[in-house]
Amino acid sequence: MSLALSHCISRILPQWVVQRSLLMDGRHAAKSGLYIQAMTLRTTAALRAEPKKKKKVDPRRELMVKERMRKKLKKLEKVPPEFIPIEDFMTPAKCLDEERTRFVPAISFEESERRALLLKEWSRYKQEQHMAEMKALECALEAQREALEELRLSSEELYDEALKPDLSLLPFSREGPVYTPAKDKYEAPEGKYNDTTRVYTQ
Amino acid sequence: MSLKPGPASQSAGLARYSLAAAVYVQRLPVVSADWSPTEQRFRDMMAQMELEKSLLSDHELRLIEDAERLKRKQADDYDSDEEDVQMDQDIVLAQDLEDSWEHKFRNMQFTPRVRDDVDQDLSSVQRCLMDFLVLVSEHAVGDQKLWLLPQREWQEGETLRQTAERALASLPVGLEATFLGNAPCGVYKYKLPKPLRTDSSIGTKVFFFKAVLSEPSASSHSALLWLKKSELQSYLKPSYMMKAPKNLCAPAPVFALRLHSRATVASVACLRLQRQSGAKQQQQLLACGGGVCRSYL
């Protein structure tokens, strides 16, 4: 009965299964070639039918990924340049010294009143000065407008000439008034100085 | 292309005026003007306030230290070994430094800001260093000799600015001035008396061009006067001054705008307003002008 069964199995199952089962069971194989193979059936894991495709984009994709990683690393490594310190904004330690506070006697009521009134008078004075200046400007502009109108009535060509901008005028520079007028043949003394400005490089 | 009076005026049948250009040369202030009383008071108050809010400087600390050390030295129980810092005997006190600085300042010779003798000489360019000066020259107009801004008749083929430059160059004293632009800043129109009128011109239009004196020349001439704006009234004819002062309304730099020039501006503004026909404008501006004038009374 067993012989018949093994014959059937050997015909049904592929040859290599049979061979394998024989190889696996060495001692059983030694006994007979047609041992019951059913007990020694071994199968591999379930495999899908699609074979592995070689994608052409793959190496490029890998390169891209590597580059991105490199760039991120570079960005992290980049240190922003240090700002140049603005020395005007940093209070020097000398000014915070307590010994330097000036003794100021309290201001009397009359004095504070006088100061407040003087401030108001000053703002009024400055406003009048400003209005006068604006008026002066308006006067000048009006005068020029009238002059150009009259010129236009007289002669178109002269009017066109007058309208042309004067390029030789700018840049116009002039030194302002001084407190005392310049001395004739004054020799200014030569002074030496040590330049202690701090120069920062970024 | 020759520059002639255009066809527009001919075809419209308007009266033809002959053209002239005058130059308004200014000598800008050399020295800063004095402070007005309000400004002086405000300056003092500001200096006082800033002093109160300030800290003691190094120099002042040194003064205080020296004073204390002197006091300690003069006390009966003075022991030089108690001094914190061992110093040399010949030390320079801060007070000595101050004295030497004061001495140096007093020995320094400054040129005086105001020189009365030069101020009286009307033809000198160096007079009144704090003010704006305007050049005025004598012209023979008809029978009269008038004081006017230097002017010349316009000739064909040149621009008005060139005429003004010619007027400046033809003065007896060589003056160098920078002209401020090609456009005139004012105009003065006058009609000739009837017998003198011709077909070509019934009057003259004088265009004023502004210039700034570059270098004051040393020489002076009796026919040329440098006048302050307040003095112009006594030399120029009133009607001429009414028009020419439109130039005086010109903006003066802030640092030199002082009471006298502002009074002129205010008075001229009032004069201008009275001539204008617009009642509304008159009201508005008179109010402003009045407000400005009030402050000087």
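Lys228(B) and Asp131(B) form a salt bridge whose closest N and O atoms are 3.7 Å apart; a salt bridge here is a side-chain nitrogen of Lys or Arg within 4 Å of a carboxyl oxygen of Asp or Glu. This pair links distant parts of the chain, with Lys228(B) in strand S8 of chain B and Asp131(B) in the loop between H5 and S2 of chain B, 97 residues apart. Helices (H or I, at least four residues) and strands (E, at least two) are DSSP runs, numbered from the N terminus. Lys228(B) is partly exposed, with a relative accessible area of 21%, whereas Asp131(B) is buried at 11%. Buried means under 20% relative accessible area, exposed means over 50%, and partly exposed lies in between (1.4 Å probe, protein chains only).

Please keep in mind that this is a predicted model, in which local features need pLDDT of at least 70, side-chain atom pairs count only at pLDDT 80 or more, and totals for chains, interfaces and linings use all residues. Residues are numbered from 1 along each chain as its sequence is written, chains are lettered from A and ligands numbered from 1 in the order in which they are written, and side-chain values use heavy atoms, with hydrogens and water left out.

Over all chains, the whole structure holds 21 salt bridges.

| Pair | Closest N and O atoms |
|---|---|
| Lys228(B) and Asp131(B) | 3.7 Å |
| Arg69(B) and Asp66(B) | 3.7 Å |
| Arg127(B) and Glu231(B) | 2.9 Å |

What does the bridge between Arg127(B) and Glu231(B) tie together? Arg127(B) lies in the loop between helix H5 (116-120) and strand S2 (133-141) of chain B, and Glu231(B) in the loop between strand S8 (224-228) and helix H7 (232-235) of chain B, so the pair ties together parts that are 104 residues apart in sequence. Arg127(B) is buried, with a relative accessible area of 2%.

The pair Arg69(B) and Asp66(B) sits within one element: three residues apart in helix H3 (residues 58-74) of chain B, they are separated by about one helical turn. Both Arg69(B) and Asp66(B) are buried.

**Patches on the surface**

Chain A carries a patch of positive charge on its surface, made of Lys66(A), Arg68(A), Arg70(A), Lys71(A), Lys72(A), Lys74(A), Lys75(A) and Lys78(A). Patches are made of residues with over 30% relative accessible area and no salt bridge, where like charges are joined within 9 Å and nonpolar side chains (Val, Leu, Ile, Met, Phe, Trp, Tyr) within 5 Å. Lys and Arg count as positive and Asp and Glu as negative, while His and the chain ends are not counted. The place of a charge is taken as NZ of Lys, CZ of Arg, CG of Asp or CD of Glu. Lys78(A) is in the loop between helix H4 (57-77) and helix H5 (109-154) of chain A, and is exposed at 67% relative accessibility.

A nonpolar patch is formed by Tyr186(A), Phe105(B), Met108(B) and Phe110(B), which together have about 430 Å² of accessible area. Accessible areas come from the Shrake-Rupley method with a 1.4 Å probe, and for residues, only the protein chains shown count as cover. Phe105(B) belongs to helix H4 (residues 94-107) of chain B and is exposed, with a relative accessible area of 53%.

**Backbone details**

Which peptide bond is cis? The bond from Leu170(A) to Pro171(A) is, with omega near -5 degrees, and Pro171(A) lies in the segment after helix H6 (156-163) of chain A. Lys185(A), also in the segment after H6, has a positive phi of about 50 degrees although it is not a glycine. Lys185(A) counts as exposed, at 85% relative accessibility.

Cys128(B) is not a glycine either, yet has a positive phi of about 45 degrees. Cys128(B) is placed in the loop between H5 and S2 of chain B and counts as buried at 7% relative accessibility.

Chain A has six helices and zero strands, and 17% of its 202 residues count as buried. Chain B has 11 helices and eight strands, with buried residues making up 41% of its 297 residues.

The accessible surface of chain A is about 18600 Å², of which 59% belongs to carbon and sulfur atoms. Chain B exposes about 17100 Å², and carbon and sulfur atoms supply 53% of that.
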